[in-house]
Amino acid sequence: MSSTLFQATGFKRTLLLCREGKFREAEAVLKSLQDEFLAVCEENEALKTQLQEVAAVLDLAEKVRFDGQKYWLADGDEKKGPYCQVCYDREGLLVNLQQRENHWECLSCRGLYMIPAKNGAPKKRPAALRTALKKTIPLFVEREMM
Ligand SMILES: [Zn+2]
């Protein structure tokens, strides 16, 4: 329904009714015009709020950086994060990842992100441990033919 059209015709009708001295009818039309006006105001407020939300999402999207695994927020020189890729892609939510020893964990979707090895010199394992590792059992044992 076109509220603008309704108001335009409503105002004119009220004017005509007043000129004809039909004040009761004019009053009734004015009352419905007021209701219509209040509804339009409410709708306008809702649209304004919606617009602000969309602007906030767009603003956020501009600051979000993807490192191939997780998201970071670039706020000026400050870098915040990391945030869960799955949660942001799915819900648009920036969920902070919790750092563990070798990985980051999302407490929302329980997703795990490996912490990449540092580029610096790799830590040397003690000699005894290194030889022990050579003798470890293979992870995948081939099944015997039936
Ligand atoms: Zn997540």
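Trainee: How many aromatic pairs does the count come to in this predicted model?

Mentor: A pair of aromatic rings is described by the distance of the centres and the angle of the planes. Rings pair if their centres lie within 6.5 Å. By this rule, the number of aromatic pairs is two.

Trainee: Which kind of pair do phenylalanine 66 and tyrosine 71 form?

Mentor: The centres of these two rings are 4.9 Å apart, and their planes stand at 45°. Planes under 30 degrees apart count as stacked and those over 60 as edge-to-face, with the rest between them. The angle of 45° therefore makes the pair of phenylalanine 66 and tyrosine 71 tilted.

Trainee: Is tyrosine 71 buried or exposed?

Mentor: Buried means under 20% relative accessible area. Tyrosine 71 has a relative accessibility of 11%, so this residue counts as buried.

Trainee: In which helix is tyrosine 88, with which tyrosine 71 forms a pair?

Mentor: Tyrosine 71 and tyrosine 88 form an edge-to-face pair, with 4.9 Å centre to centre and 65° between the planes. The pair links distant parts of the chain, as the two residues are 17 residues apart. Tyrosine 71 belongs to strand E2 (residues 71–75), whereas tyrosine 88 lies in helix H3 (residues 85–91).

Trainee: Which residue lies over the face of tryptophan 72?

Mentor: A charge sits over a ring if, among other conditions, NZ of Lys is within 6 Å of the ring centre. Here the distance from the ring centre is 4.4 Å, and the residue over the face of tryptophan 72 is lysine 79.

Technical notes
Residues numbered from 1 in each chain as written. Predicted model: local features only at pLDDT ≥ 70, side-chain atom pairs only at ≥ 80, totals over all residues. Heavy atoms only, no water. Phe/Tyr/Trp six-rings, centres within 6.5 Å; stacked < 30°, edge-to-face > 60°. Buried < 20%, exposed > 50% of the residue type's maximum accessible area, 1.4 Å probe, protein only. Helix = DSSP H or I, 4+ residues; strand = E, 2+ residues; numbered from the N terminus. Lys NZ or Arg CZ within 6 Å of the ring centre and 35° of its normal.
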